[in-house]
Amino acid sequence: MAETADTRTRIIEAAHERLVADGVTRTTIESVAQHAGLSRATIYRHFPGGRDELGAAVVSWEVGRFFDQLRAETAGAAGFADWMVRRLTVGRRLLDEHEVLQDALEQEADQVLPPLVSVMPIVLGMLRDELAQRLEGEHLRPGVDRGEAADLLARLLLSFMGTAGSWQLDDPAEADRLVREQLLAGVLVTYDR
Amino acid sequence: MGVTARDWSEQYLTADDLERTMVAAALRCVARWGFAKTTFDDIAREAGVSRATAYRVFPGGKDRLVATVLHHEIGRLFHEAETEVAATDSLEDLLCTGIRLAMQMLTGHEVLQYMLQHEPEVVLPHFAFHRLDVVLAYAAELSSPHLARFLPEPAVRPAAELVARVVLTFSFNPSDRVDPNDPLSIRRLVQTYLLPAITPNAELRSPR
């Protein structure tokens, strides 16, 4: 059993390394098999759906890694609002710099988005829990429910992280304004206008 | 980006009967067979036009079809909601009505829901990352005139965009906290979280 899990992880890591080196369109089951030092048959045993199934597994593995990195890079933020601003700006930068994702969105958006969207409820849940914890001890506006506010903030953080819309979010001052005026105005007493 | 929100809304409003017939035919075909199995010929036949005419209306053929149909549907849905939305007489009611109708349309749209379930690869690219910018800009443009009845000009665009994001997240990742068929849950969202974020100062907020 442990060996099976190890082999699976080894295949996913090999696939990720091929994606980084070769790009999305040139990564094949064959190139992943060679890189992992395994036979194609072994890969198909772990991923009977072939390239699609392996791709989906790489996506959810990479999403986990992405949020670990985001958590690590935003660990030092001082207050709740600063933490939100950093999550947003660092998250956007990491997405921009994520060459495999950008390449995949360009070349095979139809293949990368379904698995990415299907892990979103899990991502949303993780972020919601983290936000609920962070909101503990903050001064909430009257009528605000902590879990409900955490859910809404998690949704909006993900929305702005993925799509900036009309906001210039690489400008820290504008990201700060977005967080304080639009995201936290309804949640924390401090930013109630 | 190429296509702007303005192009989109005009595409719907200025569409002639033939274009609308083609869009409706495309929706019927996809509802029946799914997108992958629908051919451009099927759509032409369903619309009762020749192949040549069909290509004149949709020069990109099947490849451009999803974007075109999506533009038309969003335009049509906004158009249909117009009367009810225009009848609201406070910012709070406008937000409640607009969010409820938009969510009901998205979650109740049979073809969209069928495709999200069975052919997500066809629709999801239009609702994520930078391509979502186009949808947001379009939705914001269509809702801005209504918001401008209650908000000073600089507050309109950010408000419109925030509302569009709220509608999309709760439509694509449903929650009983914000349920389009439970108007009270939407009113709570609006009163508690959205009005403070949207109104520049407290006096503009409508009384309960």
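Start by selecting A:Glu148 and B:Arg188: their side chains form a salt bridge, 2.6 Å from N to O. The term here means a side-chain nitrogen of Lys or Arg within 4 Å of a carboxyl oxygen of Asp or Glu. Between chain A and chain B the count is one such bridge.

Before moving on, a word on what you have open: this is a predicted model, where local features need pLDDT of at least 70 and side-chain atom pairs count only at pLDDT 80 or more, while totals for chains, interfaces and linings use all residues. Residues are numbered from 1 along each chain as its sequence is written, chains are lettered from A in the order in which they are written, and side-chain values use heavy atoms, with hydrogens and water left out.

Now show both chains and pick out the interface. Chain A puts in 38 residues and chain B 33 residues, with contact meaning heavy atoms within 4.5 Å. The buried area is about 3,000 Å², and carbon and sulfur atoms give 59% of it; that is accessible area (1.4 Å probe) lost when the two parts are put together, summed over both.

Next, hide chain B and color chain A by secondary structure. You get nine helices and zero strands, with helices being DSSP runs of H or I, at least four residues, and strands runs of E, at least two. The C-alpha atoms of chain A fill a box of roughly 60 × 35 × 30 Å along the principal axes.

Select residues 120-135 (α7) and 146-162 (α8) of chain A: the two helices pack at about 125°, axes 8 Å apart. Axes are lines fitted to C-alpha atoms over the stretch in contact, and angles run from 0 to 180 degrees between N-to-C directions. That makes α7(A) oblique to α8(A), oblique being what is left after under 35 degrees (roughly parallel), over 145 (roughly antiparallel) and 65 to 115 (roughly perpendicular). Show side chains: among those meeting are A:Leu124, A:Leu127 and A:Leu131 from α7(A), and A:Ala150, A:Leu153 and A:Leu157 from α8(A). By class, this contact has 13 nonpolar, two polar and four charged residues; Ala, Val, Leu, Ile, Met, Phe, Trp, Tyr, Cys and Pro are nonpolar, Asp, Glu, Lys and Arg charged, and the others, Gly among them, polar.

Last stop: α4 (residues 51-73) and α5 (residues 80-97) of chain A, whose axes come within 10 Å and cross at roughly 135°. That makes α4(A) oblique to α5(A). Look for A:Phe66 and A:Leu70 on α4(A), and A:Val90 and A:Leu94 on α5(A), among the residues making the contact.
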